[in-house]
Amino acid sequence: MNDEPPSSNGQEKSWLERLASSFSSEPKSQEELLEVIREAASNQLLDQEAFGIIQGALGVSGLQAREIMIPRSQMVTVNVDEPPEEFLPKVIESGHSRFPVIGENSDDIKGILLAKDLLPLILRGHKDFTLESVIRNATIIPESKRLNILLREFRENRYHMALVIDEYGGISGLITIEDILEEIVGEISDETDDENDDVFIRKVDDNDYIVKALTPIEDFNEYFNSGFSDEEFDTVGGLVMQNFGHLPKRNEITELESFSFRVLYSDNRQIHLLRLTPPTVE
């Protein structure tokens, strides 16, 4: 006879109920809690996707804006004095939906431009159009802003982008609600992302390349005439991760046989995109 009381709705227990019943003692730290949840996942009390989301949520609570922000050098901005024929190609090429609008320099923030607010240009043309008439107020936050608090403010105040300032009041980067959500659930792709893009290595300048972490080591060696071993890892991301010795954050740099790798994008699970400077050929 089964003495276990049935669940309140008479159905099989949810994974959350089963997880709660798996606690033999109350965790005393986040690490202990994560270990209990990891064990629950290994015992199939919840699936790996749910475990990844919980792990990501716990990780976000300990992060600050400076750790995941898009750095100033990578911001796509629009100058308040630019005519439409100058800023529209930039808006279209980037595929972003929001842009910081600046004045004399990147520290002179005038507001935020939403791409959808450019629709009047289609109806009226350039006549009487000014950026000042459509830009919205910018939200400014310090680098030390905790991500869990920022996420709550994003939701409560219904904005999606914030400009990040350093201790001297200068703009050091920007952060969006999507950046935070990707820390929790992993990379979020939308309809503007090219699902068929199989280009692993893209040359930016003479000694500057963008490399996907999923680039096969064999392909990398052939492209750069290098000699990295693929016995232990299949991809460049695996090699770079091993060299770091930990899961790196954006802008961390490591060197492998005179190749300099800088992390452009990573989430709480893996590296996705790298900036590469190969050795200088003399």
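**Salt bridges, a nonpolar patch and a helix pair**

At 22% relative accessibility, Arg275 counts as partly exposed. This residue belongs to a predicted model, and the account below begins with its partner. Arg275 forms a salt bridge with Asp208, and the closest N and O atoms of the two are 2.8 Å apart. The two residues belong to separate strands: Arg275 lies in strand β12, which covers residues 271-277, while Asp208 lies in strand β9, which covers residues 208-212, so the pair ties together parts that are 67 residues apart in sequence. Asp208 has a relative accessibility of 18% and counts as buried.

Side chains of opposite charge can pair when their charged atoms come close. The structure holds nine salt bridges, and two further examples may now be considered.

One of them joins Glu82 to Lys90, with 3.5 Å between the closest N and O atoms. Glu82 is buried, its relative accessible area being 18%. Lys90, in turn, counts as partly exposed at 28% relative accessibility.

Another salt bridge links Asp108 with Lys110, and here the closest N and O atoms are 3.5 Å apart. Asp108 has a relative accessible area of 23% and is partly exposed. Lys110 also counts as partly exposed, at 44% relative accessibility.

Which residues form a nonpolar patch on the surface? The patch consists of Ile53, Leu181 and Val185, which together have about 210 Å² of accessible area. Leu181 is partly exposed, with a relative accessible area of 33%. A residue needs over 30% relative accessible area to belong to a patch, and the 33% of Leu181 is its relative accessible area. Leu181 has its place in helix α8, which runs over residues 177-185.

Helix α7, made up of residues 147-157, packs with α8 at an angle of about 125°, and the axes of the two helices are 10 Å apart. That angle makes α7 oblique to α8. Why is the term oblique used? Angles of 65 to 115 degrees count as roughly perpendicular and angles over 145 as roughly antiparallel, so an angle between these two ranges counts as oblique.

Technical notes: Residues are numbered from 1 along each chain as its sequence is written. This is a predicted model: local features need pLDDT of at least 70, side-chain atom pairs count only at pLDDT 80 or more; totals for chains, interfaces and linings use all residues. Side-chain values use heavy atoms; hydrogens and water are left out. A salt bridge is a side-chain nitrogen of Lys or Arg within 4 Å of a carboxyl oxygen of Asp or Glu. Buried means under 20% relative accessible area, exposed over 50%, partly exposed in between (1.4 Å probe, protein chains only). Helices (H or I, at least four residues) and strands (E, at least two) are DSSP runs, numbered from the N terminus. Patches are made of residues with over 30% relative accessible area and no salt bridge: like charges are joined within 9 Å, nonpolar side chains (Val, Leu, Ile, Met, Phe, Trp, Tyr) within 5 Å. Accessible areas come from the Shrake-Rupley method with a 1.4 Å probe; for residues, only the protein chains shown count as cover. Axes are lines fitted to C-alpha atoms, for helices over the stretch in contact, and angles run from 0 to 180 degrees between N-to-C directions. Angles under 35 degrees count as roughly parallel, over 145 as roughly antiparallel, 65 to 115 as roughly perpendicular and the rest as oblique.
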